[in-house]
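Subject: Structure handover

Hello,

Here is the structure for your files. My notes follow below it.

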Amino acid sequence: MMIISLAPYRLFMAAISLAAAFAPFSSAQAEMSAWAEAEGGRMRLVALAPDAGGKIRAGLQIEPKPGWITYWREPGNSGIPPQLTIAAGSGVTLDSIAYPVPKHFFNGAIEDIAYDAPVTLPLSLTASGKAPVTIDATAFIGICRDICVPFQANLSVTLGPAIQSHPEEEAILAAADAALPKPPSDDFKVTAHAIAPDRKTLSLTLTLPGGGSAAPDIIVTGPSGYAFTKQIGGKRDGTTFKTDIAIGKLPKDYDLSGKRWSLLVIDGGKAMETTLAFD
């Protein structure tokens, strides 16, 4: 079981803040910022011009160097989740960040949920003004090998008219969307879920794509800063899989009623993400 709590994360952040690597401001009069570089990799901002409603498709493109990793939204025992802040007063707001399917990494008692290859995090933004639109963003990620290096960079992109074609940017963003986990379908879904009265385990019944025999990788994210991955007694019978997920300790006085947790299931080369409702 992996339990990530906010207190250790804040202590970790405080310990590394003095050693943070700040990349210089990088900008471009195009649909891609310049690369910002650090010891373990580089990153840049990719975007397309706003549509008629002001919606902007964009992505934070991260390229770890070989042997390095960068983190998913719930990173692991001591990692840094990606953060993106848009400059106040810029006329652009960040609506959401999406996350391609990550990998599990184990090093003794340390468990990371991360990426060990180039990844683009799809971004949804909204521009309130008219063209030209400039996105001024501060990105903060963790990038790790034997040590974790906090990597912060200021990234800026000025977007041209929507009538212009930008095939490279469009290809990058299309590939990022294709790497996202899929929503539930008839052959890949949750058919039942229940939390035990003592809140120590979460029982799951899943329908999985055919052809596999091994247990799927399951990542449950609950309260912010908490992820649960340890399976107990998993059994696969054809396309049906039943297992319990060890939950362990939740925040003090945490009321589960009405909450929504996220579930990511990776089965072979397929991945599905959905929400678990506790009413």
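Start with Trp 261: at 1% relative accessibility it is buried (under 20% relative accessible area; exposed is over 50%, partly exposed in between; 1.4 Å probe, protein chains only). This is a predicted model: local features need pLDDT of at least 70, side-chain atom pairs count only at pLDDT 80 or more, and totals for chains, interfaces and linings use all residues. Residues are numbered from 1 along each chain as its sequence is written, and side-chain values use heavy atoms, without hydrogens and water.

The structure has three aromatic pairs (ring centres of Phe, Tyr or Trp, its six-membered ring, within 6.5 Å; planes under 30 degrees apart are stacked, over 60 edge-to-face, the rest tilted). Tyr 226 and Phe 228 are tilted, because their planes stand at 35 degrees, with centres 6.4 Å apart. Phe 228 also stacks with Trp 261: 5.8 Å between centres, 25 degrees between planes. That pair links distant parts of the chain, 33 residues apart: Phe 228 is in strand 16 (residues 227-228), Trp 261 in strand 19 (residues 259-267). Strands are DSSP runs of E, at least two residues, numbered from the N terminus.

Phe 228 is buried at 0% relative accessible area. Tyr 226 is buried too, at 12%. Tyr 226, Phe 228, Trp 261 and Phe 278 make one aromatic cluster.

Two charges sit over rings (NZ of Lys or CZ of Arg within 6 Å of the ring centre and within 35 degrees of the ring normal). Arg 42 covers the face of Trp 35, 3.8 Å from the ring centre. Lys 259 has its charged end over the ring of Tyr 254, 5.2 Å from the centre.

Best wishes

Note on methods. Helix = DSSP H or I, 4+ residues; strand = E, 2+ residues; numbered from the N terminus.
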